[in-house]
Amino acid sequence: MELSRLPGFLLRRGVKAVIVILAIVVCNFLLIHAAPGDPASVIAGQSGAADERFLAQLREQFGLDRPFHVQLWIYLKGVLTLDLGFSHRQQQPVWGLISERLPATLLLTGAAFAFAVVAGVTLGTLAARRVGSWSDSIITVIALTFYATPLFWVGLMLVLFFSVWLEWLPSFGMGTVGVELHGIDAVLDVGKHLLLPAATLGLFYLAVYARLTRATMLEVADQDFVKTARAKGVPEGQVVRRHVLRNALLPVITFAGIQAGQLIGGSILVETVFAWPGIGRLAFDALLARDYAVLLGVFFCTSVMVVGFNLLTDLLYAVVDPRVEVEG
Amino acid sequence: MSDFWRRFRRNRGAVVGLVILALVIALAALAPVIYPGSPWDMATAPFVPPGEEGMLLGSDSLGRDVAAGIAHGARISLMVGAVSTVAALLIGVTLGAIAGYLGGVADDAVMRFTEFFQTIPSFVFAILLVAIFTPTIGSVVFAIAVVSWPPVARVVRAEFLSLRSREFVQAAEVLGKSRVAIVVTDILPNALSPIVVLSSLMVASAILLESALSFLGLGDPNLMTWGFLIGAGRSVIRLAWWMSVFPGLAIFLTVLALNLVGEGLSDALNPRLARRRAGGAL
């Protein structure tokens with residue numbers, strides 16, 4: 001699109017994102033109230049930390065004796081100032097717990113995403129260039145397999161194969177326990193621990209992107225501008241890279257935006273399997289402890305991440321493709 | 001009907017899928033006959049490897065028969081898959097029909113609502129729902145239905161949008177039929193084939209979702225499920241690989257079969273329809 005129309009487009013998308021985030025906050029609030037029992041006891045956790053005095057304090061803090069809309073307003077104000085509540089299990093503010101774990105999750109999902117895009121687009125390109133060849137049938141089989149396999153089971157099987165049987169790679173954590181590493185060694189150590197979880201999370205999307213790339217490349221390859229490029233003698237490799245692949249990447253961007261939520265959901269399972277110290281693992285621990293404040297906080301933060309990522313793909317798409325419609 | 005069957009059969013993968021699915025259903029139906037008694041009961045010594053002491057697929061850390069767990073788990077997986085899909089269809093078809101048939105403001109409102117549910121990380125939301133409403137089979141089904149209806153609403157809306165201006169609908173309107181009657185008896189039957197294809201894929205994703213929830217310990221504590229078996233085998237994977245491998249294979253085969261059947265249905269019901277496949281990332 002023309003750059004002059006970009007600010008308006010971004011503004012509309014921004015407003016939409018804010019509305020979605022507000023709706024998520026309201027959704028959280030309603031969930032606390034829909035739960036069986038008193039919201040105060042829900043927030044405090046079902047057992048353990050909740051004595052009477054503490055519950056009374058919580059009721060007052062959330063204004064549970066006041067009208068419904070006032071309560072919603074109090075809750076909304078809290079969340080928007082990043083006050084996501086207090087984890088009485090861990091004796092820490094929820095936002096502190098989450099922000100501490102966020103980098104690990106971003107590293108995991110980022111690595112998985114990069115792996116899926118690079119490997120998926122490469123495989124898809126190979127398959128599209130030789131329709132019906134071995135690489136073509138391989139991506140079909142990979143896609144069918146990973147569509148049908150539970151993510152956490154893929155992780156366990158990789159652990160079984162690479163950690164238990166071959167003893168090549170570590171099976172849990174983000175670094176070797178009990179050794180001090182510096183500089184490049186520390187990076188390599190994290191990298192080694194990252195390999196299996198990132199592959200687990202990325203394999204499914206690899207299959208998706210490979211299929212998507214293959215389909216759109218075949219579609220684009222038939223179009224006139226590609227024929228023109230060939231007719232004027234552009235070398236084949238350049239036709240594929242500059243003319244076909246560049247256009248075929250657009251659906252991949254769109255799809256990446258749509259699937260951001262699934263990627264984050266998947267990271268909860270992968271982090272649980274590999275004891276990766278991110279917010280997914282935090283959510284799992286909170287689940288075991290029935291620590292609802294943390295769970296609600298994780299839901300809010302992951303939703304915000306997804307909305308942010310969608311905004312980013314919108315922007316990317318608008319910049320890359322001049323034909324994108326500015327409405328909506 | 002014979003035409004349908006002929007087109008379905010032409011897709012060899014779909015026939016294989018149908019056979020696997022029939023076997024899984026048979027296993028689920030016959031579980032109490034093949035493995036009488038509770039799958040929670042101790043059957044032999046702990047950690048018996050597959051094939052020894054009459055344990056086809058080995059035993060777990062408490063001496064329970066893994067094969068019995070898988071057979072009984074098949075009942076829960078198929079049941080949760082089917083029931084939550086029906087529930088999701090009810091929500092999705094209703095909303096999609098309202099949006100597509102009425103159009104205008106109603107359409108806008110429903111589509112914004114649908115978009116919201118497609119934006120939020122659905123698995124995290126499902127976890128939250130089950131955790132807050134305490135893990136029971138009912139809350140699991142409810143959570144799966146709540147996160148899986150949006151694709152149905154979209155497909156149904158698109159079908160209704162294109163069907164509502166067709167002559168037979170206009171004729172029904174002129175005849176003075178009520179809106180509800182038109183939607184149910186005239187439009188819906190014509191929109192059925194994409195819904196049928198989508199449902200088989202939804203059962204597949206629902207089974208994956210259920211297994212992921214029970215793997216995290218969010219299954220009904222009284223029911224033996226595939227995800228629970230894998231979760232129980234996770235911590236002892238170095239000791240007893242069979243505890244996590246076989247239940248996972250059961251999930252894989254069932255979900256694969258449903259996906260293949262979905263493709264076959266798609267070929268058979270609408271040869272021109274682009275192959276749609278809804279995958280779960282779980």
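## Where the chains meet

The A–B contact draws on 41 residues of chain A and 35 residues of chain B, counting two residues as touching when their C-beta atoms, placed from the backbone, lie within 7 Å. On the chain A side, α13(A) gives the most, with 10 residues. That side splits into 31 nonpolar, nine polar and one charged; Ala, Val, Leu, Ile, Met, Phe, Trp, Tyr, Cys and Pro count as nonpolar, Asp, Glu, Lys and Arg as charged, and the others, Gly among them, as polar.

This is a predicted model, where local features need pLDDT of at least 70, side-chain atom pairs count only at pLDDT 80 or more, and totals for chains, interfaces and linings use all residues. Residues are numbered from 1 along each chain as its sequence is written, while chains are lettered from A and ligands numbered from 1 in the order in which they are written.

## A helix with a kink

Helix α5 of chain A covers residues 94-129 (helices are DSSP runs of H or I, at least four residues, numbered from the N terminus). From first C-alpha to last, α5 reaches 50 Å, close to the 52 Å expected, taking 1.5 Å times one less than the number of residues. There's a kink of about 40° at A:Leu102, shortly before A:Pro103; the bend is the angle between axes fitted to the seven residues ending there and the seven starting there.

## Chain B spans

An unreviewed UniProt entry marks transmembrane regions in chain B, including residues 12-35 and 123-147; such annotations may be inferred rather than shown by experiment. Residues 12-35 are 96% helix, with end C-alpha atoms 33 Å apart. Residues 123-147 are 84% helix, yet their end C-alpha atoms are 8 Å apart.

Definitions and conventions: Helices (H or I, at least four residues) and strands (E, at least two) are DSSP runs, numbered from the N terminus.
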